[in-house]
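Look through the structure before reading on.

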Amino acid sequence: MTDTTVKISDAAIRRRQIKEFWFYFSQNRGAVIGLVVFVLLVLTALFAPLLAPHDPTQQYRDALLAPPFWAEGGRAGFLLGTDAVGRDMLSRLIYGAQYSLFIGIVVVAIALIGGIFIGLIAGFYGGWVDNVIMRVMDVVLAFPSLLLALVLVAVLGPGLTNAMIAIAIVYQPHFARLTRAAVMGEKAREYVTAAKVAGASNLRLMFKTILPNCLAPLIVQATLSFSSAVLDSAALGFLGMGAQPPASEWGTMLAEAREFILRAWWVVTFPGLAILISVLAINLMGDGLRDALDPKLKRS
Amino acid sequence: MLRFILTKLLYLVPTMLGITLVAFGFIRLLPGDPVLLMAGERGVAPERYAQIAAQLGFDKPVWQQYLLYLNNLLHGDLGNSLVTKKPVLSEFLTLFPATVELGLCAIIIATAVGVPVGVIAAIKRGSWFDQISMTGALIGFSMPIFWWGLLLIIFFSGILQWTPVSGRISLMYFFPPVTGFMLIDSLISGQAGAFKSALSHLILPSVVLATIPLAVIARQTRSAMLEVMGEDYVRTARAKGLSPLRVIGVHALRNAMIPVITTIGLQIGVLLAGAILTETIFSWPGIGKWMIDSISRRDYPVVQSGLLLIAAIVMIVNLIVDLTYGLINPRIRHK
Amino acid sequence: MSIFSPRILAVSALALMAATPLSAKTFVYCSEGSPEGFDPAPYTSGTTFDASGHAVYNRLVQFKPGTTEIEPALAESWDVSEDGLTYTFHLRKGVKFHSNDKFTPSRDFDADDVIFTFMRQADAKDPWHEYIPGITYEYYSSMEMDKLIKSIEKVDDNTVKFTLNHPEAPFLANIAMPFVSILSKEYADTLDKAGTREDLNNVPIGTGPFKFVAYQKDAVIRYQKNADYWGPAPKIDDLVFAITPDASVRLQKLKANECQLMPYPSPADIADIKADPNLKLDEQAGLNVGYLAYNTTVAPFDKPEVRKALNMAIDKKALVDAVYQGDAVVAKNPIPPTMWGYNDAIEADKYDPAAAKAALEAAGVKDLSMEVWAMPVQRPYMPNARRAAELIQSDFAKVGVKVDIVSYEWGEYLKKSMEEGRKGAVILGWTGDNGDPDNFLSVLLSCAAATPGGANRAYWCNKDFSDLLAKAKASSDHAERVKLYEEAQVIFKKEEPWATLAHSTQYVPMRKNVTGFVQSPLGDYTFENVDLTE
């Protein structure tokens, strides 16, 4: 009997928490703008085939490096101009949104799951297990993330999948550390002891009891990682180690465009702008999330 | 305190060992063969291949190679580059000052601009200055710096022609490297205009490299200030009738700086990662570009020892930050 | 201590220089990369040769500027025996090596220097063979000098006799190459005594038109004119290499007059350079070829008619426009048109997708899907392999052939593309080393090269073709060699193991006031005849 009542009140608390969260989140104008842009970005990615005026890989060989429509020599058919082999910039940018979101989601998913798992084990068992795991994390964190990702990609071979794996591995310790710290903090709490006394299994303790209570910092870190993943994968693409052409990943587009920097400003400007806007939107959202989730900062 | 430092140092030992293992292990996993790369389009006959591999020590079992590598490390030998055949350490030492100069300059810009902006934004919370500067900081924080660098080159070097495109100093100036820092060396040389030239070469890359740390520092300073200004002792100081300037300058700022200094220290990793991109864009002869080139050339010894040196630097700086934090944090001391 | 010595040496050299103001005529060359070192023998890149072999050193014989013809250099003249097995070189007298603050030569160049230069590469027991750990002599062995040269003898101080194992026509062209630049034996002995042997690679002493002054890694190399040069005195006083790896940055520097000449402009910038009133552009057909090699041992590419049909499906003109920005000529032969022995009578593949489709059907090829390999690096012969592969992909799609584009890391690419039974056609190319047709045809298409470690990526072994090459190589009659190579090209065209794609044009942008620069067909950058007018 008592069990059910607890559940009901749990649900009610959740609902109230969400309501409260939304209240604080919507207070933050930047966060709302970020959310709107982000939703637009997701829609663009989802409906890219409908939105894009051209096939992103179709080469119009009569229109190499055509400027945007408003510039001299521009054509209405190519709103943002074309690249060096006559592919429509706008269509490539639209399809590029798919890559960036996909990269962000996959990287965060791998890093989050891996990090939580490792962090839970380290925090829960403590002792030498914790020690070994944390030393390994130290090793990973001792390298500048981009450098380590570069070497990893070089090992795995350049390409989108490998770039995502590399970035996820590099990000994973942050999640592990956060989870571990949270678990250490929660472990001594009464409700955990209570659950333990009630005979809950270790696995249940870790995932059902402790984990939900350390989600807030993880969510904030996940948003941060999402935007960093978009940036870092673009950087890898720029260095020729990320997504490979003809993929319309924005960083890769920039790398291909670099040789035209003096001649065709549009092939350089637009992909970078697309990266900046998406990352900015995600970061704005992240700020809002943190303010709404972190009670300490809410005060000030 | 000494014990604290010693324990910290002791902790570094397994980490360093792990780093050698990672650096060495990754390199062995790298596909692509330096011997084949040397031969290029021409190819290399199997007998000749075996001969070269033996000469480079690649024919031994991997664990033997690792032990040999460790042994050499302990004797201060970081190996020779496969490409230039020169000792890795001497190459590192010739290139490192360029990266340090760039990094220091970036961190000075980031701190000199970021801290005041953060403080003012906190004091005038909600004002237009706060809003604009924090929006700017968020944009900076979201900036793909490789693109930002290209834009600055197009604008300042291409259109306005104010700054040189790349390099560390105009070729007109020519003097012996004493410190390896071009700004200082150019002063020592006493050649007229040399310092100005070095400075104008340094400005764009350091601005690009400073972008993200600047944004982080400004945001961190603002929130630290806000937090401190809400604390009791600041309120007390205010209530005592101390002038607002004194309250902010002496009490709030001093305490708010503790997390900010930590943040600045922790930017070292960000800076080194950023240096890879910045040095690539500006053809800056530093270790970031050196690492990239060596990775693509499969220059095993350079990549593994370079990784090791860079990781060691990051860890030492982090340790120093840790120690400073312990030293200056009054709350820790009081406890 | 030893690791710092090169630096200290460079510093002292710099200190000397700093006392004197920069001379009136300084010529700055925006070079494309850092030299690997200053001893030309262990390295293979043109960048290193420009910075060491061409600026600082000379060879026994040299290429006449702008050609691949041989002319005397440190050897004033030479005699070849009737059987083509002995070459006797008569050395130039009174040639002085450079001096610096650590070394002043006590004698002129002589036969000992020649023997030192060759023997340290040839003889694994020579004390200078591995003077730096891990050093190897790639060119010496890949040009098969070790198999060719039987002995080298000093006849007297000014005469050296080379004995060969078999007659070889390209021998003189080989020893005009930078890897056998003549080093000073006396300098090596001095370094040995000082315990700084590695300085042979850091602080070069040669007989060339320019004296090495200082090198700041990845940034700048400085040279001074060699006042005692045996040839025509250089017209510029100081030569500076400003190392600038990025092509667009190089161009910006050139426009700002921060340098006066640059190599390898980006194809995208050519139009812009032509339009700039302060710049001029020297252009020359490059000594290179870009190709797509089928694997002729794997069905259906083992049939010449299939290969010919596919070649007809490639719109090479469009490829030249998009990949080379139009700065190349469509290739019909495996050797470039500027090379002697080029057979211009051969007819090029026609672009005809309909005929290609019919020919494929006639050959019984249906629903073919294949791989096209795109190399991951940029080369003068192939500025953007990825783009080329994409174009070929869409061309082949039009004749019903499905293409997957694959790429590997460069080292891996070179290795995998030479694996037997490789699937797919490989995009690759070649730049000539010494201007001899043998350096293209034997290296890339002979039976001997169709083995692991070779470079015949079509795995094409045609007995008649290889026999012609062998005959041409042993002959010293130039007219006969021309005829044999022309015949070989006919066989190549009949079989078409490759789709020959393009010979790229080499562009050298420079300031308007630069005179006397002569482009080398081999892609060398030399500055002894360069001058600046006001």
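How many residues does the contact take from chain A and from chain C? The contact takes 16 residues from chain A and 14 residues from chain C. Two residues are in contact if their C-beta atoms, placed from the backbone, lie within 7 Å. The side of chain A that touches chain C has nine nonpolar, three polar and four charged residues. Here Ala, Val, Leu, Ile, Met, Phe, Trp, Tyr, Cys and Pro count as nonpolar, Asp, Glu, Lys and Arg as charged, and the others, Gly among them, as polar.

This is a predicted model, in which local features need pLDDT of at least 70, side-chain atom pairs count only at pLDDT 80 or more, and totals for chains, interfaces and linings use all residues. Residues are numbered from 1 along each chain as its sequence is written, while chains are lettered from A and ligands numbered from 1 in the order in which they are written.

**Chain A**

Chain A has 13 helices and zero strands. Helices (H or I, at least four residues) and strands (E, at least two) are DSSP runs, numbered from the N terminus. The C-alpha trace of chain A spans about 75 × 45 × 35 Å along its principal axes.

One helix pair is worth a look. Helix α4 (residues 89-125) of chain A packs against helix α5 (residues 127-142) of chain A at an angle of about 140°. Their axes are 7 Å apart. Axes are lines fitted to C-alpha atoms, for helices over the stretch in contact, and angles run from 0 to 180 degrees between N-to-C directions. That angle makes α4(A) oblique to α5(A). Angles under 35 degrees count as roughly parallel, over 145 as roughly antiparallel, 65 to 115 as roughly perpendicular and the rest as oblique.

Which residues meet here? From α4(A) come A:Ile118, A:Ile121, A:Ala122 and A:Tyr125. They meet A:Gly127, A:Val129, A:Asp130, A:Ile133 and A:Met134 in α5(A). By class, the residues of this contact divide into seven nonpolar, one polar and one charged.

**Chain B**

An automatic or database domain assignment sets the domain bounds. For chain B it gives domain 1 (22-75) and domain 2 (88-332). The C-alpha centres of these two domains of chain B lie 37 Å apart. Their contact takes seven residues from domain 1 of chain B and eight residues from domain 2 of chain B. On the domain 1 side, α1 (2-29) and α2 (34-39) of chain B each supply at least two residues. The largest share of that side, three residues, comes from α1(B).

Chain B also meets chain C: 47 residues of chain B are in contact with 52 residues of chain C. On the chain B side, α2, α3 (46-55), α5 (88-123) and α7 (145-159) of chain B give two or more residues each.

The table sets out the classes on two sides within this model.

| Side | Nonpolar | Polar | Charged |
|---|---|---|---|
| Domain 1 of chain B, touching domain 2 of chain B | six residues | one residue | no residues |

**Chain C**

Chain C holds an open sheet of four strands in the order β1-β10-β9-β8, with mixed pairing. Two strands pair if DSSP finds at least two bridges between them. β1 (26-31) and β8 (210-216) of chain C each have a single partner strand, so one side of each is left without a neighbour in the sheet. Strands β9 (residues 220-225) and β10 (residues 238-243) of chain C run antiparallel, joined by five bridges. C:Ile221 has C:Phe241 in β10(C) as its bridge partner.
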